[in-house]
Amino acid sequence: MPQTDLPRSGPLQTLEFRIDATQPATRELRVCAIITSPEDGDVELFLPTWTPGSYLIREYSRHLSRVEAFEAGTEQPLPCLKVGKNRFRVEAPGDTRIELRYRVYAHELSVRTADVDSCHAYWNHCCVLLWPIEQTDLPADITIEHLKDWSLSCSLAATPARANALGCVASTLRARDLAEALDSPVLIGSTKRLEWQVHGVPHAIVLDGLGTVAPPPSLTTDLTKIVEQAASVFGDSLPYEQYVFLALFADEGYGGLEHSDSSTLLMPRTALTSKAKYRDFLTLAAHELFHAWNVKRMRPVEFWNYDYEQENYTKLLWLMEGWTAYYDDLLVTRAGLMSPTDYLATMAKNVQNMLSAPGRFALSLEESSFDAWIRLYRPDENTRNSSQNYYGNGAVAAMCLDLTIRRTTGGKYSIDDALHSLYRSTFDAGRGYELADVHAAIEAIAGAEVVEKLTEFVMGPLDPQLAELLADVGVKLTFRDAGKPFLGVAFRANTTTIASVTKGSPADDAGIAPDDEVIAANNLRVKPGNWQTLLAAVGEVAEPMQLLVARRGIMQTLTVIPTSGMGTAKLVVDAEASDEQCAARNAWLGEPSESQG
Ligand SMILES: [Zn+2]
């Protein structure tokens, strides 16, 4: 994005924030908010408790300290009371210019938080800006001071960096209101910026924390292809005036967060040096980019105006996240950056996770969406039995819906058409969508019976006719190692302690429970890492096995009877598929390029 002069402020008052990031070694941002009290005096300010896109209350206000108020430009203190976990009230006469000073501790490197150290400064304004509760529509000028060797990246319009007296530089960002400010994270550091255009729209990726790792030479051309594929779902048009990927690299960690005109990606830096991990990076970028349409613009009516202080409930995360998770791998495949074989292997993992976890019979995709705040972000040993993941299972449900639309319309329409139509009828019309709008978009292209299928997928137990649907596109669902002895236990990494027990499995029937330490199977010692070998050696389907376990320190012998295992799901191209099936597959995944084989 070229840096431009800010537009002049209109008749409205403008909030002012000054963020001092010039002492990154302190891990603190020093913030000053300049606000004018309303006519009747006193002003109440709040800090968000969560970041849109990540549905868990995270209580960012625990990182605030030394919140003090003064008459602006003086050291004359004003009473500043904490009136809620994330709220402060400044007592002042009407129309008083108030300077609120505070510090933000910033030591959490994730896409949704704030992290400041000697190498970089990254933050979401959700963690940083105390905003007057009555003034969420006001524009804000956010002036950021930082080290002069660092450069600042943010999707907000910015003034050119200007030097200050202390040998640092300052830039001012302009947000048109609270929502835009909170939707625009800031990255400052010795970053590398690469730029390109798609359909005449400027795009950039800012790479932070790469160390001595060099970005792949094809990075911008690969991202160009992905952006083109995403745009093609929505009539070859881009919804933003510019877009920037903020890519944070570290030793470890993984995550992405979507914004309207930017996204943050977090990956291990070595991801760029292996073919498979680089593909994961591209998939993550595709996922967050796709959210520029699905979630950041087209979104449920209940998310049209966020409440940044408490849980915002929706039953539609299976569409917001599930469909996006379906498209991320699909866009990379259609862009020719993942082979159909690799695409099917990736989707097979989702299928395996879905089939092997009975939670899909306990809680529908709709209910799992609604419960995101208390389940998905707070997994425990029983999650696989009690809930389903609206990302992975949502992606499988989206694939089934897509294949159903293709089947019903003889390949004339797909889920692409349903999404584009939903986008036009709701976001383009200036409103959020409801389930009825989703139904209308599908019914218009594929009829009421496909709407019924969708209802089956998202409101009932998720148990689609996968093999039958995949056969339409010349893909076979098979199971590796089917029929081997199955118990239904998973161990904690590098231990012999049970992490989870699948409900209804032989282990569950035998009374084996999470936290049990397995000492021996049929009198043979179980050690970390030897379980599979041991089970293969002594386990037999329908033959009772003795497991010696320690439960709360007391030994017990339990009898478990293995059943015949489902095996591991595999999706493979059917070599005997008809021309019609192959054509349907190519229409779905894109024509494979020669290099992909
Ligand atoms: Zn997402």
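Where is Thr-113 placed? Thr-113 sits in the loop between strand S8 (97-105) and strand S9 (114-117), where helices (H or I, at least four residues) and strands (E, at least two) are DSSP runs numbered from the N terminus.

The model is predicted, so local features need pLDDT of at least 70 and side-chain atom pairs count only at pLDDT 80 or more, whereas totals for chains, interfaces and linings use all residues. Residues are numbered from 1 along each chain as its sequence is written, and side-chain values use heavy atoms, with hydrogens and water left out.

1. Surroundings of Thr-113. With a relative accessibility of 3%, Thr-113 counts as buried, the term meaning under 20% relative accessible area, while exposed means over 50% and partly exposed in between (1.4 Å probe, protein chains only). The side chain of Thr-113 makes a polar contact of 2.7 Å with the side chain of Ser-110; such a contact is a pair of N or O atoms within 3.5 Å, and within protein one must be able to donate a hydrogen and the other to accept it, with residues adjacent in sequence counting only if both atoms are side-chain atoms. Leaving aside residues up to four places away in sequence, Thr-113 touches Tyr-60, Glu-108, Tyr-122, Trp-123, Asn-124 and Cys-127, contact meaning heavy atoms within 4.5 Å.

2. Helices H2 and H3. Helix H2 (residues 219-233) packs against helix H3 (residues 275-290) at an angle of about 40°, with the axes 10 Å apart; axes are lines fitted to C-alpha atoms, for helices over the stretch in contact, and angles run from 0 to 180 degrees between N-to-C directions. H2 and H3 are therefore oblique to each other, since angles under 35 degrees count as roughly parallel, over 145 as roughly antiparallel, 65 to 115 as roughly perpendicular and the rest as oblique. On the H2 side, the residues that meet H3 include Leu-223, Ile-226 and Val-227, and among their counterparts in H3 are Phe-281, Leu-282 and Ala-285. The residues of this contact divide into 13 nonpolar, no polar and one charged, where Ala, Val, Leu, Ile, Met, Phe, Trp, Tyr, Cys and Pro count as nonpolar, Asp, Glu, Lys and Arg as charged, and the others, Gly among them, as polar.

3. Helices H9 and H12. The axes of helix H9 (residues 392-408) and helix H12 (residues 448-459) come within 10 Å and cross at roughly 165°, and the two helices are therefore roughly antiparallel to each other. Among the residues of H9 that meet H12 are Cys-400, Leu-401 and Thr-404, and the H12 side includes Lys-453, Leu-454 and Phe-457. By class, the contact of H9 with H12 holds seven nonpolar, two polar and two charged residues.

4. Val-489 belongs to strand S25 (residues 489-491) and is partly exposed, with a relative accessible area of 21%. Beyond residues up to four places away in sequence, Val-489 touches Ile-498, Ser-500, Val-501, Ala-507, Ile-512 and Trp-531. Asn-494 lies in the loop between S25 and strand S26 (498-501), and at 73% relative accessibility Asn-494 counts as exposed.

5. Backbone angles to check. Asn-494 has a positive phi of about 60° although it is not a glycine. Arg-66, found in strand S4 (residues 64-71), also has a positive phi, near 50°, in a residue other than glycine, and at 55% relative accessibility Arg-66 counts as exposed.
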